[in-house]
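Hi,

Here is the structure I promised to pass on.

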Amino acid sequence: MMNEQRREFIKKTALGVFAGLGVASGLVPAFSLEKTALPVWDEKPVPGKIRWGMVIDTRQCKEGCQQCVTACHHEHNVPAFKNRKEEIRWIWKNSYKNVFPTATNSAVSKEIQNRSFLSLCNHCADSPCTQICPTGATFKRWDGIVEIDYHRCVGCRFCIPACPYGSLSFNWQDPRTAIVDPVTAYPTREQGVVEKCNFCSDRLVKGLLPACVDACPEQAFTFGDMNDPVSDIRVVLESNVTMQRKPELGTKPSVFYII
Amino acid sequence: MEVMMKSSKFILMVAVAALSLFAVLNVFRNGEAETSQKPLPSVSAIDSTKCIAPASFMRANHMQVLHAWEKSVVREGDRVHIAANGSRFQKSLGTCLGCHNNRLFCFNCHSYANVKPKCWNCHLSPMETP
């Protein structure tokens with residue numbers, strides 16, 4: 001009998017709570033989420049058809065300008081940890097010495113030595129990070145982009161020493177605590193995953209250029225499909241002498257520098 | 001005596017199971033009423049006015065659907081879901097939540113069933129949206 005009463009009580013309480021929640025939720029207006037729109041490529045992509053690449057004209061890159069870095073980090077909710085050990089970077093400015101440590105030209109001008117060079121993931125054609133990843137979280141996409149599937153990353157950090165360019169950062173703590181001005185259109189990461197530049201695959205699918213390319217006031221970037229013989233990037237690559245970072249390692253980077 | 005105790009416990013357990021099933025179904029019915037009464041948001045190019053699959057299927061299999069979507073979008077770049085009736089959807093959490101715009105749509109049931117999916121560790125939770 002006791003149980004019978006208790007049962008009734010629990011039943012009524014539970015229903016009451018749920019009814020209350022339903023009413024409350026009905027009063028809340030519709031919220032703004034990531035917009036749903038069809039991608040520019042309607043069809044399932046053909047692997048290997050596109051290979052995205054980038055040329056950075058370092059002669060145009062202005063000292064002290066951080067617009068590409070700010071735009072990228074804002075767009076992708078990159079946390080701003082001040083501590084060097086916990087710092088998360090997708091794109092950053094670096095010195096000639098650090099970007100091309102194995103370049104053998106001993107007579108480099110003072111101007112070039114002082115110039116800033118952008119460091120970002122090189123989206124290598126033969127990428128060591130994807131080969132070492134034990135879970136397949138870091139993988140080579142159909143369009144040449146080296147992407148991290150944050151759903152699969154277990155935080156083993158093998159990719160960090162595997163990358164010869166130091167392009168990967170690890171989330172030692174919850175990144176949401178350090179995002180200055182969060183955007184709702186792109187997810188964040190969580191504690192315990194590695195992250196890096198994604199060549200703005202989120203923007204490419206909407207038909208936009210990468211955030212850094214769009215943000216640059218000097219048009220120092222050329223971005224495009226390196227498999228397309230009439231693309232802008234092919235024209236720039238064919239009409240300029242360019243450098244890749246550590247080409248002797250055979251990683252075949254997709255990022256080129258005009259010195 | 002002991003046998004009686006056992007059988008009464010058994011009856012109690014069955015009753016609790018039935019009650020929880022009833023309560024869960026009631027939550028879903030509540031959600032359905034919400035969505036059918038509200039004018040659904042119109043999204044150009046995408047027909048999101050219908051669900052991608054019958055509600056009964058989605059109740060049981062939404063996690064498999066979301067996992068398959070995540071896999072095909074991230075790994076293969078196949079972002080368009082074509083439903084059985086031919087309507088097209090972008091494979092995105094935003095597509096689901098654009099229609100099921102009750103803030104508690106996920107949480108009501110997940111908190112009841114005490115399941116803690118990790119979606120909102122990275123994706124923007126409906127509870128956090130402005």
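**What I found**

Starting with chain B: among its contacts between residues at least 6 apart in sequence, 57% join residues at least 24 apart. In chain A, residues 24 or more positions apart account for 66% of the contacts with a separation of 6 or more.

Before you zoom in, please keep in mind that this is a predicted model. It scores ipTM 0.78 and pTM 0.76.

**Chain B**

Chain B has 5 helices and 2 strands, and going from the N terminus they come in the order α-α-β-β-α-α-α. There are 130 residues in the chain, and 21% of them count as buried.

Confidence is the thing to watch here. Mean pLDDT for chain B is 76, with 65% of its residues at 70 or more. Which elements sit at the two ends of the range? Helix H1 of chain B (residues 2-37) has the lowest mean pLDDT of the chain's elements, 58, while helix H5 of chain B (residues 119-122) has the highest, 94. Over residues 29-46 of chain B, pLDDT stays under 50. The model does give that stretch 23 contacts beyond four places in sequence, but where pLDDT is low, the predicted coordinates should not be read in detail.

Chain A comes to 9 helices and 9 strands, and buried residues make up 32% of its 259 residues.

Of its 6 residues, 5 are buried, so the strand is largely enclosed by the rest of the structure. S1(A) has these pairings:

- With strand S8 of chain A (residues 221-225), S1(A) runs antiparallel, joined by 5 bridges.
- With strand S9 of chain A (residues 255-258), S1(A) pairs in the parallel sense over 4 bridges.

You can see both pairings from A:Val55: its bridge partner in S8(A) is A:Thr222, and in S9(A) it stands opposite A:Phe256.

S1(A) also matters for the next bit, the largest nonpolar core. That core has 48 residues, and those with the most contacts inside it are A:Ile56, A:Cys68, A:Cys72, A:Ile91, A:Leu120, A:Cys212 and A:Phe221. Several elements of chain A give two or more residues to this core, including S1, helix H2 (67-75), strand S3 (116-120), helix H8 (211-215), S8 and S9. The largest share, 4 residues, comes from S1(A). As a bit of background, nonpolar side chains tend to be buried together in soluble globular proteins.

Leaving aside neighbours within four places in sequence, A:Ile91 is in contact with A:Cys68, A:Val69, A:Cys72, A:Leu118, A:Ser119, A:Leu120, A:Cys197 and A:Cys212.

**One loop residue**

Last, A:Tyr186. It is in the loop between strand S6 (169-170) and strand S7 (194-195) of chain A. Is A:Tyr186 buried or partly exposed? It has 18 C-beta neighbours inside 10 Å, so it counts as partly exposed. Not counting residues up to four places away in sequence, A:Tyr186 touches A:Glu75, A:His76, A:Asn77 and A:Asp202. A:Asp202 is 16 residues from A:Tyr186 along the chain, and their C-alpha atoms are separated by 8.2 Å.

Cheers

How values were computed:
Residues numbered from 1 in each chain as written. Chains lettered and ligands numbered in written order. Predicted model: local features only at pLDDT ≥ 70, side-chain atom pairs only at ≥ 80, totals over all residues. Buried ≥ 20, exposed ≤ 12 C-beta atoms within 10 Å, placed from the backbone. Contact = placed C-beta atoms within 7 Å. Pairing = 2+ DSSP bridges. pLDDT = per-residue confidence, 0-100. Core = buried A, V, L, I, M, F, W, Y, C linked by C-beta atoms within 7 Å.
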